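This briefing is meant to be read with the sequence and the 3D view open side by side.

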Amino acid sequence: MSTTPYTAGTVCVLLAAALGATVTACDADGNPLAATPYDATDQISFSGSGKRGEKVDPDKPLEITADGSDSRITDVTAVDSTGRYVSGELAADGSRWHSTSPLAAGAHYTVTVRTEDGSGRPGRKVLTFDTSAPTGLKRLNVKFGPEAGTYGVGQPITAELDQPITDPAQRAVVERALKVDSVPAVEGSWYWVDDKKLHYRPRSYWPANTTVEVRSNLENIKIGDRLWGGTAKPLKLTIGDRIVAVADVAKHRMTVYKNDEKIKEIPITAGKAGFETRNGVKVVLAKEYRVQMRSTTVGIPAGSPDSYDLPVYYAVRVTWSGEYVHAAPWSVGSHGVSNVSHGCVGMSNTNAAWFFETVKEGDLVEVVNSTGKPMEHFDNGFGDWNIPWQEWLQGSALTAAKDPGTDDGRPRLSPQSL
């Protein structure tokens, strides 16, 4: 049997036949996609193209249409001078593209439009325009937390707004502009705790040694009537080793893991009947070498049998209501044997000092097998990890209003078919 070698021209002809009428010719190199795009100026119209130097109204969507029946739009990329992309939708027949995310006020945009004519030849047009200044003076400012530094794998990111946002569409605009990037990349989502606060966490704990950068693209973006996005200081965090302490209240033992390896097991005492320690995952909020603990701060009257007023050392706070992991030398005989505390996890001075030096903010204390109530989600510290992932996603304003662009906000609009 003999074979016929394929020349570059033969390959081009076969490729053109396979693709159909949309590709009818190749360049000299035999690559049908390498042809130099023609100037598509006469084939497209731009909704904001007024008089030369006239600024575009950022309140109105950007719209680009293909003129004539022998051309269609295949791709649109719109980006401002700060690198913010505009999401958009392309009609199935390529006749029209319109923006689906708001334009920024007082911004300079570059729009690249790609087309093809009836013969499949690629066209291209680059548009530039400026948007007018905001019409209102009301600004929504954002403050990210925690402070820059190194944290444990359980540390959530917080975003505090200086005024409430209740409208779902406005929440979507705000949330879409709050960006969290990490190396390595992880799946994560914001959750609206209330009208002025959002929390962000990954699906699972942060990987050890992750770098996290948080920023807002909200500045000069219209959120609602006379409300525009304001400023936000970027935030950078480093995630340290994975430290997880599992306190088994029924067994009176706490096991500490570092990067999934057990490094210490500690005899403990936890909350007694009537003062049971909360079950669930808690995030280390702070470390305090000395705390004066008074029963009156948790509703126990002075002089009652359960009252106390004493200094406590090596105190690792896990709730705002007063749960700590701390030194409890007065009950050392009960450590590993019974639960006698008023809700805290107690241990010897030596073990408490070791734990105090080992953990940092953002590390995790998981309390299991307690008869206490579950850890609160948000009102008493960071109980974020006790919310199942699918339920967490329901707290996002974007769950029902999906961004038509990709995760980075950049639309990737392709031809309907070749």
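Helix 2, which comprises residues 168-177, lies across strand 13 and strand 16 (211-216), and it runs at about 30 degrees to strand 13. The model is a predicted one, and the values below are computed from it. Seven of the ten residues of helix 2 are buried, so the helix is largely enclosed by the rest of the structure.

**Helix 2**
- At the start of helix 2, the backbone nitrogen of Ala-169 has a side-chain oxygen of Asp-167 within 3.1 Å.

- Four strands, in the order 11-19-16-13, make up an open sheet whose pairing is mixed.
- Strand 11 (149-151) and strand 13 (178-183) stand at the edges with a single partner strand each, so one side of each is left without a neighbour in the sheet.
- From one strand to the next, the twist of this sheet averages 25 degrees.
- Strand 11 pairs with strand 19 (residues 235-239) in the parallel sense over three bridges, and Gly-149 stands opposite Leu-237 in strand 19.

**Salt bridges**
- The count of salt bridges in the model comes to 20.
- One of them joins the side chains of Glu-213 and Lys-236, with an N to O distance of 4.0 Å.
- Because Glu-213 lies in strand 16 and Lys-236 in strand 19, this pair ties together parts that are 23 residues apart in sequence.
- Glu-213 is partly exposed, at a relative accessible area of 43%, and Lys-236 also counts as partly exposed, at 48% relative accessibility.
- A salt bridge links Asp-260 with Arg-242, and their closest N and O atoms are 3.1 Å apart.
- Asp-260 lies in the loop between strand 21 (253-258) and strand 22 (261-267), while Arg-242 lies in the loop between strand 19 and strand 20 (243-248), so the pair ties together parts that are 18 residues apart in sequence.
- Asp-260 is exposed, with a relative accessible area of 59%, whereas Arg-242 is partly exposed, with a relative accessible area of 26%.
- The side chains of Lys-262 and Glu-265 also meet in a salt bridge, at 3.9 Å from N to O.
- Lys-262 is exposed, with a relative accessible area of 54%, whereas Glu-265 counts as partly exposed at 39% relative accessibility.

**Aromatic pairs**
- The count of aromatic pairs comes to eleven.
- Among them is the edge-to-face pair of Trp-190 and Tyr-200, with the ring centres 5.2 Å apart and 65 degrees between the planes.
- Trp-190 lies in strand 14 (residues 188-194) and Tyr-200 in strand 15 (residues 197-202), so this pair ties together parts that are ten residues apart in sequence.
- Trp-190 counts as buried at 3% relative accessibility, and Tyr-200 is buried as well, with a relative accessible area of 8%.
- Ring pairs also link Tyr-289, Tyr-313, Tyr-314 and Phe-356 into a cluster.

Definitions and conventions
Residues are numbered from 1 along each chain as its sequence is written. This is a predicted model: local features need pLDDT of at least 70, side-chain atom pairs count only at pLDDT 80 or more; totals for chains, interfaces and linings use all residues. Side-chain values use heavy atoms; hydrogens and water are left out. Two strands pair if DSSP finds at least two bridges between them. Helices (H or I, at least four residues) and strands (E, at least two) are DSSP runs, numbered from the N terminus. Axes are lines fitted to C-alpha atoms, for helices over the stretch in contact, and angles run from 0 to 180 degrees between N-to-C directions. Contact means heavy atoms within 4.5 Å. Buried means under 20% relative accessible area, exposed over 50%, partly exposed in between (1.4 Å probe, protein chains only). A polar contact is a pair of N or O atoms within 3.5 Å; within protein, one must be able to donate a hydrogen and the other to accept it, and residues adjacent in sequence count only if both atoms are side-chain atoms. Rings of Phe, Tyr and Trp (its six-membered ring) pair if their centres lie within 6.5 Å; planes under 30 degrees apart count as stacked, over 60 as edge-to-face and the rest as tilted.
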